[in-house]
Amino acid sequence: AAESARVARLCEEARETGMGRLALEACDLRKFPDAVFFLMREVELRSLSLSHNSLTKLPAKIGVKFTALIELDVSYNSLSALPSTLSLPHLTHLNLSHNSFTSLPSSLGEALPSLTSLSLRTNLISSAGAEEVGGVASLQELDLRENPLEASVVQVLGSMVRVKVLLDQPNLTN
């Protein structure tokens, strides 16, 4: 009950500021509260942070109810996939770091056509193809540091020209 009251208070504060930003960080959320859709229904939400919670999935309804989102931070959760029907046409920044992804989310180019920055730092990704990364035409930066990437993948992604791919530096020995 205390967490519900905190979420309601944070939504109220976000509505009052008129900044279009909602931060539900470290609210001990295990699932996205449906009440947020109601509480924020008259707000053009442009930034949503759900970092440092215990979310295992995101509702696809986020893309339906928050169509103006340009920034979504769901870092430090337990996500392993994005909803297959998620569509956020204006989203430019997506932070999926410190989750449980084992591969790049599928259909990123279709679901997030404006995406310029994607962080998947500190996940469980071992392989990713240049075609997957290249499938997001607007992507400019991809952070894959601290993932168990195969050496061949690191070589392919490290040579990409259009997208700045952040990778771990190989251990240098003397």
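## Ground rules

Two residues are in contact, or "touch", when they have heavy atoms within 4.5 Å. What you're looking at is a predicted model, where local features need pLDDT of at least 70 and side-chain atom pairs count only at pLDDT 80 or more, while totals for chains, interfaces and linings use all residues. Residues are numbered from 1 along each chain as its sequence is written, and side-chain values use heavy atoms, leaving out hydrogens and water.

## The nonpolar core

Let's start inside. A nonpolar core is a set of buried Ala, Val, Leu, Ile, Met, Phe, Trp, Tyr and Cys residues joined through side-chain atoms within 4.5 Å. Here, "buried" means under 20% relative accessible area, "exposed" means over 50%, and "partly exposed" is in between (1.4 Å probe, protein chains only). The largest core in this model holds 51 residues, and L48, F66 and L144 have the most contacts inside it. Two or more residues each come from α1 (2-17), α2 (35-39), α4 (108-111) and α6 (151-158). The largest share, four residues, belongs to α1. These labels follow DSSP runs numbered from the N terminus: helices are H or I with at least four residues, and strands are E with at least two.

Take a look at F66. Leaving aside residues up to four places away in sequence, F66 touches F32, V36, F37, M40, L45, L48, K61 and L88.

S49 sits in strand β2 (residues 47-49). Not counting residues up to four places away in sequence, S49 touches R21, L22, A23, L24, E25 and D73.

## R6 on helix α1

R6 belongs to helix α1. Its relative accessibility is 27%, so R6 counts as partly exposed. Again skipping residues up to four places away in sequence, R6 touches E25, A26 and C27. How far apart are the C-alpha atoms of R6 and G109? They are separated by 35 Å, and the two residues are 103 apart along the chain.

Now for the gaps, which are found on a 1 Å grid over the protein atoms alone. A cavity is a set of points where a 1.4 Å probe fits but cannot get out; a pocket is an open set with protein on both sides within 12 Å along at least five of seven lines; lining residues have an atom within 4 Å of a point. The largest pocket has a volume of about 190 Å³. Of its 15 lining residues, L82, P83, S84, P105 and S106 are the closest to the centre.

A search of the whole structure turns up one cavity of 30 Å³ or more. L104, L108, L118, E132, V133, V136, L139 and L142 line the largest cavity.

Most residues other than glycine have a negative phi. H52 has a positive one, near 60 degrees, and lies in the loop between β2 and α3 (61-65). S107 has a positive phi too, near 55 degrees, and is in the loop between β4 (93-95) and α4. H52 is partly exposed at 44% relative accessibility, and S107 is partly exposed at 41%.

Technical notes: Points joined across faces, edges and corners; volume = space filled by probe spheres on them.
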